[in-house]
Amino acid sequence: QRHPNHARARLAYGSFLNDFKLEEEAKTHWEKARELDPKNPTPWNNLADYYSHRGPVRKAFQYLETAIKLNPFEPVYFRNLATLVFLFRKDAKEIYNLKDDEAVFRRSIDLYMRARRLDPDDFTLATDVAQVYYFLKPEVTDDPEESAEAADELADETLAAWDEALKLARTELDRQGVLIHQARVCIQYDRLTQAREHLKGVTNPALATLKNKLQRNLEEKEKQKATSPPAAEPAKVPPKSES
């Protein structure tokens, strides 16, 4: 009340109100802080969070882009924008002129990776990146070999992302949680022996339900593989004799 034009006081009071779920009141103070100190990226970021929940969503994109321009060294802003792109795919496609969901997911991964370069030791951030890979699909072409190669490349890329998370695991539960994800990826891409090896390392009772579910999926895939007829070899065309 005594210092209505103190931008940082407005910003702090808005955050205080937001903690008590008084979002509209918080927004009022953040908007005032933004007006008083437009070069401070924090109110832009906070307001982007508000608009991502209340709309208009496009304002959230705009405000986060502004926060990043004002401070391109803050990983939280890139992380928030990556999440926004992932969640609001239709808007992201239109705003960034992206042709399909695959391009949206790649944009999200790129933003997460920019955040990671600024904060390389954050385990949760590394898992955020790896999680997006679940939504990518390998390219399918008329050539089975090309399709298989594309699937292998995506599997390698996905497992590499989880390897990065594994290096940063803070606890044994974190580490085994990553093994669960790696086993799931291996099952998805028919790397069944590798999946079984990952599951062997999961011993924490808290992960028993997930482990048992994956083991059932793994055994089902192994049975399918054992009973499937071998792929037919392509017919050999005899060489033409020269006249």
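Visitor: In which helix do arginine 175 and glutamate 172 both lie?

Guide: Good place to start! This is a predicted model, where local features need pLDDT of at least 70, side-chain atom pairs count only at pLDDT 80 or more, and totals for chains, interfaces and linings use all residues. Residues are numbered from 1 along each chain as its sequence is written, and side-chain values use heavy atoms, leaving out hydrogens and water. Helices are DSSP runs of H or I with at least four residues, numbered from the N terminus; the two residues sit three apart, about one turn, in helix 10.

Visitor: How far apart are N and O in the salt bridge of arginine 175 and glutamate 172?

Guide: A salt bridge is a side-chain nitrogen of Lys or Arg within 4 Å of a carboxyl oxygen of Asp or Glu. The side chains of arginine 175 and glutamate 172 meet this way, with an N to O distance of 2.7 Å.

Visitor: Is arginine 175 buried, partly exposed or exposed?

Guide: Buried means under 20% relative accessible area, exposed means over 50%, and partly exposed is in between (1.4 Å probe, protein chains only). Glutamate 172 has a relative accessible area of 40% and is partly exposed. Arginine 175 has 30% relative accessibility, so it counts as partly exposed.

Visitor: How many salt bridges does the structure hold?

Guide: Some of them form a network linking Arg58, Lys90, Asp91 and Glu94. The total for the structure is 19.

Visitor: How many residues apart in sequence are the parts tied together by glutamate 164 and arginine 116?

Guide: These two form a salt bridge, with their closest N and O atoms 3.6 Å apart. Glutamate 164 belongs to helix 9 and arginine 116 to helix 7, so the parts they tie together are separated in sequence by 48 residues.

Visitor: Where does arginine 191, the salt-bridge partner of aspartate 156, lie?

Guide: The side chains of aspartate 156 and arginine 191 meet at 2.9 Å, N to O. The pair links distant parts of the chain, 35 residues apart: aspartate 156 is in helix 9, and arginine 191 is in the loop between helix 10 and helix 11.

Visitor: How many of the ten residues of helix 8 are buried?

Guide: Helix 8 covers residues 123–132. Its buried residues include Phe123, Leu125 and Val132. They pack against helix 5, helix 7, helix 9 and helix 10.

Visitor: Which residues is histidine 29 in contact with, leaving aside neighbours within four places in sequence?

Guide: Histidine 29 is in helix 2, residues 23–36. Its relative accessibility is 16%, so it counts as buried. The residues in contact with histidine 29 are Arg10, Tyr13, Gly14 and Leu17.

How values were computed:
Contact means heavy atoms within 4.5 Å.
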